Every structure is written in structure tokens, then in C-alpha cells.
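Hi,

Here is the structure I promised to hand over. Have a look at it first, and then read my notes below.

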Amino acid sequence: MAASVEIAILLYQGVTALDAVGPWEVLWRIPGAQVRFIGKEVGPVVAEGGGLLLGATHSISETICPDVVIVPGGSTTPSQMVDDEVLDWLRKVHRTSVWTASVCTGALILGAAGILKGQPATTHWYKMGVLRIMGAKPRPDERVVRSGKVVTAAGVSAGIDLALWLAGEIAGRERAEAIQLVIEYDRHPPFDAGHISKASKEVQRLANKMMDDSMPADQRRLVPKIAWNRFLDLVRTGQ
């Protein structure tokens with residue numbers, strides 16, 4: 001890869017902050033990296049949960065050939081899955097990208113753009129079924145999944161793992177390990193319930209309720225449209 005690396009991280013209203021900021025914290029430290037937070041428009045973006053503003057520094061229209069594309073998830077993922085401007089942009093930049101990546105439910109946006117058809121991929125455990133509907137082959141037990149130049153990460157915190165993996169590919173393992181040490185990423189969580197296979201049934205029920213409650217009503221109303229678009233795509237392409 002060239003000495004200068006352009007990295008584009010997509011932002012939108014309702015994005016999960018750590019999905020975007022976690023990778024940024026790693027990737028801006030790569031020598032020659034030029035990281036852009038991009039959106040349909042330049043300006044502030046309210047992250048999921050409210051109370052936190054992120055900023056799109058560039059628009060998608062002026063970001064036409066990034067080397068690395070990262071699509072985070074969020075509570076408003078459904079609106080991105082039916083946004084033709086965002087989906088068309090993803091299809092175009094994917095043709096020339098070195099890496100196209102997602103964090104959490106960002107994989108569903110890649111799926112809606114047709115990028116994950118027939119590909120092994122992962123996403124947040126809560127949305128594995130939707131990932132399958134979008135034509136991907138879910139890998140629920142894997143934290144980071146690579147298929148060619150497409151790399152998907154599991155939920156939220158897995159974006160840091162994704163970014164460290166990308167740093168290793170771009171700048172070499174030693175640099176990636178140095179970045180890991182600089183950010184002191186040495187996971188020792190106080191509880192061992194970070195994967196669906198480890199959580200008790202009671203914790204799973206509570207987590208499912210929290211996820212159910214987190215989707216805004218206007219986003220829930222988009223689910224039939226997403227399903228219809230996917231049906232039409234399946235009829236048209238057979239995939």
C-alpha cells in the first residue's frame with residue numbers, strides 16, 4: 001500500500017460512537033494515514049444515546065477513492081440500509097478500495113449494498129439473522145472475519161480488534177503491536193459475559209430487551225421496506 005493511506009469512516013445520525021471512534025483511535029496512528037470522518041453532509045452528528053456529538057469532516061461526494069472504508073453500526077442502521085445515496089457510494093468506493101470493512105451492524109449496511117452476498121461475515125449477535133437474510137454467511141463465533149478485501153467485525157468493541165488487524169496489514173505487525181501498547185489495549189473485563197455463548201439466560205433476556213428498546217420507532221417502521229428491497233434484489237440477481 002502507498003505511503004499515504006486515505007481512510008474513510010462513515011458517520012450518520014444515531015451511529016454508535018465506539019464503532020467509529022474505536023477504529024479511529026487505532027488507525028490515525030498509522031504512519032501516513034489520513035483519516036476522514038465522512039457523512040452525506042459535513043457537520044455534527046448525534047451519536048446513539050444522545051448527548052455526544054461527532055463531526056463529519058468530509059462529505060461522501062468528495063471522498064471518491066479511499067483506500068480503506070469503515071462502516072459503523074448504530075440504532076439508525078435501517079435508515080442507512082434504504083438510503084440509495086449511501087448505498088451507491090459504498091458500491092462505487094468498494095470497487096477501488098484496498099479494504100472495505102464494517103463494525104457491528106455496519107455489516108447490514110454493506111449487505112444492503114450487495115457487498116456481502118455469499119461472503120462469510122459477522123455482526124452484532126442480535127442481528128445475525130438479518131445478516132443471513134442479506135445474503136451473507138454468518139460467523140457468530142468469530143470476532144473479525146475476512147473474506148478477500150472485505151473485513152467485518154462483531155459488536156461495538158470488536159471495532160478495535162478490526163482496526164488493529166488492519167493496522168497490521170497496512171503497516172506491519174510490529175507497528176500494530178506498538179499501537180496496541182500505546183492505547184494499552186489489554187482486555188480484562190470485570191465480567192465474562194461478552195459473547196452470547198458465555199452469558200446466562202437471564203442476562204441474554206435482559207440484553208435482548210435492551211436491544212429491542214434501543215431501536216427508534218421510525219427505524220422499526222423501515223423493516224418491511226428493507227425486506228421488500230431484499231426480496232426484489234433476490235428475484236433480480238438470484239443471490
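**What turned up**

Arg91 and Asp88 sit together in helix α3, 3 residues apart, which is about one turn of the helix. Helices here are DSSP runs of H or I with at least four residues, strands are E runs of at least two, and both are numbered from the N terminus. The two side chains meet in a salt bridge, 2.6 Å from N to O. By that term I mean a side-chain nitrogen of Lys or Arg within 4 Å of a carboxyl oxygen of Asp or Glu. Arg91 is partly exposed at 33% relative accessibility, and Asp88 is partly exposed too, at 35%. (Buried is under 20% relative accessible area, exposed is over 50%, and partly exposed is in between, with a 1.4 Å probe and protein chains only.)

Before you go further: this is a predicted model, where local features need pLDDT of at least 70 and side-chain atom pairs count only at pLDDT 80 or more, while totals for chains, interfaces and linings use all residues. Residues are numbered from 1 along each chain as its sequence is written, and side-chain values use heavy atoms, with hydrogens and water left out.

The structure has 13 salt bridges. One of them joins Glu85 and Lys40, with the closest N and O atoms 3.6 Å apart. This pair links distant parts of the chain, 45 residues apart: Glu85 is in α3, and Lys40 is in the loop between β2 and β3. Another pairs Glu202 with Arg205 at 3.8 Å, both in helix α8 and 3 residues apart. Glu202 is exposed at 52%, and so is Arg205 at 55%. There is also a network of salt bridges that links Lys117, Arg230, Asp233 and Arg236.

The largest pocket holds about 1300 Å³ of space. Of the 50 residues that line it, Cys104, His124, Trp125, Tyr126 and Gly155 are the closest to its centre. Helix α8 gives the largest share of this lining, 7 residues.

The second largest pocket has about 310 Å³ and 17 lining residues, with Arg91, Ala112, Asn229, Asp233 and Arg236 nearest its centre. Here the largest share, 6 residues, comes from α10. The classes in this lining are 7 nonpolar, 3 polar and 7 charged. (Ala, Val, Leu, Ile, Met, Phe, Trp, Tyr, Cys and Pro count as nonpolar, Asp, Glu, Lys and Arg as charged, and the others, Gly among them, as polar.)

How is a pocket found? On a 1 Å grid over the protein atoms alone, a pocket is an open set of points with protein on both sides within 12 Å along at least five of seven lines, and lining residues have an atom within 4 Å of a point. Points are joined across faces, edges and corners, and the volume is the space filled by probe spheres set on them.

Which residues of strand β6 are buried? Val68 and Ile70 are buried on one side, and Val69 and Val71 on the other. β6 runs parallel to β1, joined by 3 bridges, and pairs with β7 in the parallel sense over 4 bridges. (Strands pair if DSSP finds at least two bridges between them.) Ile70 has Ile9 as a bridge partner and stands opposite Ala101 in β7.

Finally, Cys104 has a positive phi of about 60° although it is not a glycine. Cys104 lies in the loop between β7 and α4 and is buried, at 5%.

Cheers

Terms used. On a 1 Å grid over the protein atoms alone, a cavity is a set of points where a 1.4 Å probe fits but cannot get out, and a pocket is an open set with protein on both sides within 12 Å along at least five of seven lines; lining residues have an atom within 4 Å of a point.
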